[in-house]
Amino acid sequence: MNEIMPGLALQKVDERIMTLNVGPQHPGSGHMRLIVQIDGDYIVACDPDPGYVHRGEEKMAEYRNYILNIPHLERPVIHDSCNVLYPYVLGVEEILGIEVPERAKYVRVIASELNRCIYIMYWLAIYGIFLGHSTMFMWPAGDRELLIDLMEKMTGARVTHAHFIPGGVRNDLPPNFEDVCLRHVNYFEKRIKEYSAVFYDNPILIARTKDTGVLSRQDAIRLGTTGSVLRASGVDYDLRKKEPYDVYDELDVHTNVMKEGDSYARSKIPWLDMLESCNIIRQALQKMPKSGSVRVKLKPNPKGKGLTSVYKRVESGRGSLGCYVVSDGKPEPYRLKLSVPSFRNLIALPYLLKGEKLGNMPSVYWSLNYWPVEADR
Amino acid sequence: MSSDSEKSVTDTQSEEKSTPAEKPAPKPVAKKPEEKPVELPAFEKGISDKIVEKFGDKVEVAFVKEDRVRINVSRENILDVAEFIRDGLNFDHVESVTGIDFPQDKEIEVVYHIGSYSDSSLARQILVLATRAQREENPIPGHDSTKLPTLRNIFYSVEFHEREIFEMLGVYFDGHPDNRRLLLPEDWADLPPLRKDFVLKGR
């Protein structure tokens, strides 16, 4: 073991080129380090170094049973906690052979769409402050409270809900929730439409993000990117439409696609997604059965039969989120893998930053809809 | 409350006792009865048939379910099969790469979940390609026989996933251009943490 390990070999750098460490505590990198090599003002190479918030979620999951895994598996993205749990819950339901009541499916869709908006608002707030646009930090951070209050009414917790469980959701909706939800969502929609005037039509934003970090359609596919990054590059792919889970096939889901593939398109797609989420929530509220059970009773230690595996995926706020559960017939999963969109989009970062100006780094980096904690798991 | 928890404790204990006897051959028993009585989905069957037609005995179709086809392949043939999946079947990106440790088989399984963006008829499909690497009792990551050929030259998107498998399970990917640590600290000198013999403290 005295020999130098493969991960420790030092890189030789040219005399002209300077190596710059961005992070891990820099507000422009967020719990991750970017080792950037610059030639004057231009980035020659970028080596992302994630792992500062690695918490071993996958290892922990092997020691806890299917129910105990719920609260800790939502920790990678607490703002989007329903969507992180969604593929896990779908996978466990298939392993245990559980049928979910119709009303629970609608409640899940509403919760996951609300969570998508909450996540995107947080992301948008940080994007605003990255570009020095303080109004765009204050507005989304404030308007996000509306939906957080709604989630609190629905689940009892403001951010970490642990609401989805195999077999449905933990609690039924509180009385009168439909009316309150509709009112909040309508106001929210009206409010986010105002963002286009202050942010998306703002000449400063356009100057800073148009034509920077362009990802072509072919490269977006080849690199295996997902979510808003993929759709901003002109690929029409949304799992809510392509592989509908729960009741998404009964709802009318529109996929937002832009062809430019630059930072501007990548920052606009999530905003369009929020408008679409409002539509989906209204449809779901209308079609939801007005009464009925929302969960199936589980045995104390539910377990699958024999060695089986299941891979489920959902469209989260950042893109397709997959969960691969391997069961060997015990109450704990034998292996659990979260295939997270942030980790999949990370591969595009060194690719996009090559040849870009150093000043454009924050806008390109955050436009990838990257959440460091989720990528590290 | 207390009686409930006692019950679950006894449940798990009896489970643990009974499993070693069942362990040796759960895999073939569980899979074969599933395949025969159920009518296989036609489109998915078409995908697996194309692969079997091309490679014959070299591949083993583990299951054909709705939207999911799983192919087991030995490490010698994985490059050929992966290339055919890309060029012949239009799958274009890897969504997820998972390493699973099987100490009792002395093997580590690496599972690729392959999807397609460019072919809209394949949008729902995930092709699961699995292979197994030899497992060493005392691993020296990168310097022992736990090796697999990399798929990075076929599917560019596996680059970071394979780096993660390397550090977490000690599977070295031959031909990978960038075999470095990704998530773990640079000075990590313990066992690869996702192996089953790396036990969490206090558990």
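Okay, let's start with B:V81: skipping neighbours within four places in sequence, B:V81 is in contact with B:I51, B:F55, B:V59, B:I71, B:V73 and B:L129. Contact here says that the C-beta atoms, placed from the backbone, lie within 7 Å.

Before I go on, the ground rules. This is a predicted model, where local features need pLDDT of at least 70, side-chain atom pairs count only at pLDDT 80 or more, and totals for chains, interfaces and linings use all residues. Residues are numbered from 1 along each chain as its sequence is written, with chains lettered from A and ligands numbered from 1 in the order in which they are written.

On confidence: pLDDT is the predictor's confidence in each residue, from 0 to 100. Chain A has a mean of 86, with 95% of its residues at 70 or more. Residues 4–10 of chain A stay under 50, and the model has eight contacts for them beyond four places in sequence. Where pLDDT is low, the predicted coordinates should not be read in detail.

Back to B:V81. Along with A:L85, A:L114, B:L127, B:L129 and B:V171, B:V81 touches the most other members of the largest nonpolar core, which has 144 residues. Such a core is a set of buried Ala, Val, Leu, Ile, Met, Phe, Trp, Tyr and Cys residues joined through C-beta atoms within 7 Å; buried takes 20 or more other C-beta atoms within 10 Å of a residue's own, exposed 12 or fewer, partly exposed in between. Helix α4 (residues 102–130) of chain A gives the most to this core, 17 residues.

Now chain B's hairpin. Strands β1 (residues 59–65) and β2 (residues 68–73) of chain B pair in the antiparallel sense over six bridges; pairing needs at least two DSSP bridges. Helices (H or I, at least four residues) and strands (E, at least two) are DSSP runs, numbered from the N terminus. B:F63 has B:R70 of β2(B) as bridge partner. Two residues separate β1(B) from β2(B) in the hairpin, and B:D67 in the turn has a positive phi of about 70 degrees.

Over to A:S81, in helix α3 (residues 81–96) of chain A. Buried or exposed? A:S81 is buried, because 29 other C-beta atoms are within 10 Å.

Last, the interface: 40 residues from chain A and 44 residues from chain B. On chain A's side, β7(A) gives the largest share, four residues.

Key:
Contact = placed C-beta atoms within 7 Å.
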